[in-house]
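Dear colleague,

I am passing on the structure we spoke about, and below it you will find my notes on what turned up when I went through it. Please read them with the coordinates open beside you.

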Amino acid sequence: MKLLLVYIVLLNLWSYIVMGLDKNKARKHRARISEKSLWTSFLLGGALGGYIGMKQFKHKTKHTSFVYGLPIAILVNIACFSGVYYLLRFVLL
């Protein structure tokens with residue numbers, strides 16, 4: 001259980017940081033982090049961190065896929081983590 005919580009926290013922290021890094025790179029007209037990489041991080045469990053980063057850094061806020069997709073990804077993350085928690089708590093142990 002603790003490992004699952006650590007995974008969730010670290011991945012969301014990573015997603016938040018990556019949104020900030022990409023915004024910084026955009027301002028400096030440097031090589032960017034691909035949207036595919038961002039979405040991979042979000043769909044692996046870091047959607048909430050990505051959403052908070054999007055709002056905090058005002059990054060990708062005009063992209064419909066992010067504005068509507070990240071809240072949906074958060075719900076998917078919650079459903080997946082709930083399923084994993086259920087399996088770990090009630091089935092496997």
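Against which helices do the buried residues of H3 pack? Please keep in mind throughout that this is a predicted model. The buried residues of H3 pack against helix H1, which covers residues 2–27, and against H2. The residues of H3 that are buried are Phe 66, Gly 69, Leu 70, Ala 73, Ile 74, Asn 77 and Phe 81.

Helix H3 itself runs over residues 64–91, and its 28 residues reach 39 Å from the first C-alpha to the last, which is close to the 40 Å expected at 1.5 Å a residue.

Gly 50 is buried because its relative accessible area is 0%, and, not counting residues up to four places away in sequence, it touches Ser 15, Tyr 16, Met 19, Phe 42 and Leu 70. Between the C-alpha atoms of Gly 50 and Ser 15 the separation is 4.9 Å, although the two residues are 35 residues apart along the chain. Ser 41 has a relative accessible area of 9%, so it too counts as buried; leaving aside neighbours within four places in sequence, Ser 41 is in contact with Leu 11, Trp 14, Ser 15 and Gly 46.

Salt bridges come next, and a search of the whole structure finds two of them. One joins the side chains of Arg 32 and Asp 22, at 3.0 Å from N to O. Arg 32 lies in the loop between H1 and H2 while Asp 22 is in helix H1, so this pair ties together parts that are ten residues apart in sequence. Asp 22 is buried, given its relative accessibility of 0%, whereas Arg 32 is partly exposed at 42%.

Another salt bridge is formed by the side chains of Lys 60 and Glu 35, at 3.2 Å from N to O. This pair links distant parts of the chain, with Lys 60 in the loop between H2 and H3 and Glu 35 in helix H2, 25 residues apart. Is Lys 60 buried or exposed? Its relative accessible area is 10%, and Lys 60 is therefore buried, the cut-off being under 20%. Glu 35 is partly exposed, with a value of 32%.

Lys 60 has a phi near 65 degrees, a positive value in a residue other than glycine. Lys 58 is found in that loop and has a positive phi of about 50 degrees, although it is not a glycine either. Lys 58 is exposed, because its relative accessible area is 60%.

Finally, on the surface there is a nonpolar patch formed by Met 1, Tyr 85, Tyr 86, Leu 87, Phe 90, Val 91 and Leu 92, which together have about 730 Å² of accessible area. Tyr 86, one of the residues in this patch, has its place in helix H3 and counts as partly exposed, with a relative accessibility of 47%.

With kind regards

Notes:
Residues are numbered from 1 along each chain as its sequence is written. This is a predicted model: local features need pLDDT of at least 70, side-chain atom pairs count only at pLDDT 80 or more; totals for chains, interfaces and linings use all residues. Side-chain values use heavy atoms; hydrogens and water are left out. Buried means under 20% relative accessible area, exposed over 50%, partly exposed in between (1.4 Å probe, protein chains only). Contact means heavy atoms within 4.5 Å. Helices (H or I, at least four residues) and strands (E, at least two) are DSSP runs, numbered from the N terminus. The expected span of a helix is 1.5 Å times one less than its number of residues. Patches are made of residues with over 30% relative accessible area and no salt bridge: like charges are joined within 9 Å, nonpolar side chains (Val, Leu, Ile, Met, Phe, Trp, Tyr) within 5 Å. Accessible areas come from the Shrake-Rupley method with a 1.4 Å probe; for residues, only the protein chains shown count as cover. A salt bridge is a side-chain nitrogen of Lys or Arg within 4 Å of a carboxyl oxygen of Asp or Glu.
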